[in-house]
Amino acid sequence: MLEQIEQLLNSAKTSLKDCSDLKTLNDIRVEYLGKQGKITNLLHSMKDVAKEDRPKLGQLINNARNEIELLILNLQNELNEKTLADKISKEKIDIFEPSKQVEKGEIHPLNKVFDKLIDACVAMGFTVLTGPEVEYDYYNFEALNVPKDHPARDMQDTFFISDNILMRSQTSSVQVRAMQSLKPPFKIVSPGRTYRADSDATHSPVFHQFEGLVVDENVSMVDLKSMLTELLKMLFGQNTKIRFRPSYFPFTEPSVEVDATCPSCGGKGCKLCKNTGYMELLGAGMVNPKVLEMSGIDSKKYSGFAFGPGVDRLAMVVNKIPDLRMMFENDIRFLEQFK
Ligand code: PHE
């Protein structure tokens, strides 16, 4: 028995000496200390030993087990450290390697124009309001002095959802919602998406408008013109001049078409402005007293002006974009030009 213990200890030591990886180490642990292991078997065979020898032998076997356990534990720590050191040396970081270029996004040219318009108008004391894109006929047309059979309906090729519900064809619908819910005086702008069945280089079925409305006592055409001059100067530069041409909208009276000097040639005439020196930019006018009355505003006491540029058109002019639809195709090569 004594010899057996001695042998077992020696063979364990030899195996451990040759062991250089954690898996083999575990196999050794099972071989000696496991449930069916050599040490356990030795303990079992104690029953064949004379009673008086048992305590001494038991002590020796326990010592051998403790020694093997300790050797395994030490080797395990050693191997763990070695594995970690190997890993660290393999994972060296080359701090001089150039990093991957991070693709930076950019605000869409259309949203840039929206942001500029909103910033300028908020600075002038306007409140920003939004309204639904799926709208009642009433807010889009009726309350804007365009009853069902009115010829002015032909000015806008509208997407109808039902008899009384449509995709709003103009943000002027928010004018009505504002007039019915706010008490004058007020100044609001309403940026948003609008829809018409139209598609060519200067029209897209989805486009964007920026409606402005001021209602107060003694509001006049002069206020409209000075306000729009400031707004367009801010967009196209301080030398910009604007002009009004008579026009027609059912909800404004008088109505005007607003042109600004061409930002490309400054008014001399070029390809962009077709040699006219001016760009046609937006519709505007004094709110038709009928429209004020329909929304419960006393038109004897109050007057107002409204304006509604197509934002896509402004973005085209600012960025010299030849086809409006390019802005919605999400071609990254196009969008990257505005960084
Ligand atoms: N809503 C008009 C259009 O889409 C533009 C406009 C707005 C005209 C406000 C006058 C006043 O054509």
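Select Thr-194, which sits in strand E4 (residues 186–195). Helices (H or I, at least four residues) and strands (E, at least two) are DSSP runs, numbered from the N terminus. The model is predicted, so local features need pLDDT of at least 70 and side-chain atom pairs count only at pLDDT 80 or more, while totals for chains, interfaces and linings use all residues. Residues are numbered from 1 along each chain as its sequence is written, and side-chain values use heavy atoms, with hydrogens and water left out.

Is Thr-194 buried or exposed? Thr-194 counts as buried because its relative accessibility is 0%. Buried means under 20% relative accessible area, exposed over 50%, and partly exposed in between (1.4 Å probe, protein chains only). Now show what surrounds Thr-194. Leaving aside neighbours within four places in sequence, Thr-194 is in contact with Arg-168, Ser-169, Gln-170, Thr-171, Pro-205, Val-206, Phe-207, His-208 and Gln-209. Contact means heavy atoms within 4.5 Å.

Next, select helix H7 (residues 172–181). Seven of its ten residues are buried, so H7 is largely enclosed by the rest of the structure. The buried ones are Ser-172, Ser-173, Val-174, Gln-175, Val-176, Ala-178 and Met-179. They pack against strand E2 (134–136), helix H6 (137–140), E4, E5, helix H9 (289–294) and E9.

Now colour Leu-228, Leu-281 and Phe-307. Of the 43 residues in the largest nonpolar core, these three touch the most other members. A nonpolar core is a set of buried Ala, Val, Leu, Ile, Met, Phe, Trp, Tyr and Cys residues joined through side-chain atoms within 4.5 Å. Elements that each supply at least two residues of this core include helix H5 (109–123), strand E5 (206–216), helix H8 (221–236) and strand E9 (303–309). Which element gives the most to this core? H8 does, with seven residues. Stay on Leu-228: not counting residues up to four places away in sequence, Leu-228 touches Ile-242, Phe-244, Val-258, Leu-282, Ala-284 and Phe-307.

Apart from this core lies another, of 20 residues, among them Leu-8, Ala-12, Ile-61 and Leu-75.

Show H5 and H8 together. Their axes come within 10 Å and cross at roughly 140 degrees. Axes are lines fitted to C-alpha atoms, for helices over the stretch in contact, and angles run from 0 to 180 degrees between N-to-C directions. That angle makes H5 oblique to H8. Angles under 35 degrees count as roughly parallel, over 145 as roughly antiparallel, 65 to 115 as roughly perpendicular and the rest as oblique. On the H5 side the contact is made by Val-113, Lys-116, Leu-117, Ala-120 and Cys-121, and on the H8 side by Met-227, Leu-231, Met-234 and Leu-235.

Move to helix H1 (residues 2–18) and helix H4 (residues 54–90). They pack at an angle of about 0 degrees with their axes 10 Å apart, which makes H1 roughly parallel to H4. Residues making the contact include Leu-8 and Ala-12 of H1 and Ile-61 and Leu-75 of H4.

Last, select Cys-19, in the loop between H1 and helix H2 (22–33). With 8% relative accessibility, Cys-19 counts as buried. Cys-19 touches Thr-24, Leu-25, Ile-28, Leu-75 and Leu-79, not counting residues up to four places away in sequence. To finish, draw a line from Cys-19 to Ala-201: C-alpha to C-alpha, they are 78 Å apart in space, and 182 residues apart in sequence.
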